[in-house]
Amino acid sequence: QVQLVESGGGLVQPGGSLRLSCAASKSIVSFSTMGWYRQAPGKQRELVASMTSGRTNYADSVKGRFSMSRDNAKNTVYLQMNSLKPEDTAVYYCCARGTILFWGQGTQVTVSP
């Protein structure tokens, strides 16, 4: 069983920055895809960013503001979020695709004055 543990969420003012981390219980090189999703209250979970074979894709709503990276030695992926907006408020989930899709427990990000 793989465990993914997110951290780094919190309350930030509009225009601020946060960096989310997702630590995996096994080597992340074994996963074909690592990704970040988010779910706002009353909305469906949506893809924020994903990384496959070294290629990173972003949702249009976060392009130019968010950046996904990884540290294989630490079995950790990151989501750097800059120029945050109130509409970025959501629970952010890390996921990893191996034989099945694994999910973390989520971390709350709230963007508010």
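Visitor: Is W103 buried, partly exposed or exposed, and what is its relative accessibility?
Guide: W103 counts as partly exposed, at 33% relative accessibility. Buried means under 20% relative accessible area, exposed means over 50%, and partly exposed is in between, using a 1.4 Å probe and protein chains only. Before we go on: this is a predicted model, where local features need pLDDT of at least 70, side-chain atom pairs count only at pLDDT 80 or more, and totals for chains, interfaces and linings use all residues. Residues are numbered from 1 along each chain as its sequence is written, and side-chain values use heavy atoms, with hydrogens and water left out.

Visitor: Okay! How many aromatic pairs does the structure hold?
Guide: Three. Rings of Phe, Tyr and Trp (its six-membered ring) pair if their centres lie within 6.5 Å; planes under 30 degrees apart count as stacked, over 60 as edge-to-face and the rest as tilted. One of the pairs is Y93 with W103: the ring centres are 6.5 Å apart and the planes are at 85°, so this pair is edge-to-face. The pair links distant parts of the chain, with Y93 in strand 9 (residues 90-97) and W103 in strand 10 (residues 101-103), ten residues apart. Strands are DSSP runs of E with at least two residues, while helices are runs of H or I with at least four, numbered from the N terminus.

Visitor: And Y93, buried or exposed?
Guide: Y93 is buried, with a relative accessible area of 13%. Y93 also forms one aromatic cluster with Y37 and W103.

Visitor: Which charged residue sits over the ring of Y93?
Guide: That's R45, whose charged end is 3.8 Å from the ring centre of Y93. R45 lies over the face of W103 too, at 4.6 Å from that ring centre. The rule here is that NZ of Lys or CZ of Arg is within 6 Å of the ring centre and within 35 degrees of the ring normal.

Visitor: New topic: which cysteines form a disulfide?
Guide: C22 and C94 do, with their sulfur atoms 2.1 Å apart. The cut-off for a disulfide is a pair of cysteine sulfur atoms within 2.5 Å, and the count comes to one. The torsion about the S-S bond of C22 and C94 is about -75°, so the disulfide is left-handed. This pair links distant parts of the chain too: C22 is in strand 3 and C94 in strand 9, 72 residues apart.

Visitor: Are those two buried or exposed?
Guide: C22 is buried at 1% relative accessible area, and C94 is buried at 0%.

Visitor: What does strand 3 pair with?
Guide: Strand 1 (residues 4-7) runs antiparallel to strand 3, joined by four bridges. Strand 8 (residues 76-81) also pairs with strand 3 in the antiparallel sense, over six bridges. Two strands pair if DSSP finds at least two bridges between them.

Visitor: How many residues of strand 3 are buried?
Guide: Five of the seven residues of strand 3 (residues 18-24) are, so this strand is largely enclosed by the rest of the structure.
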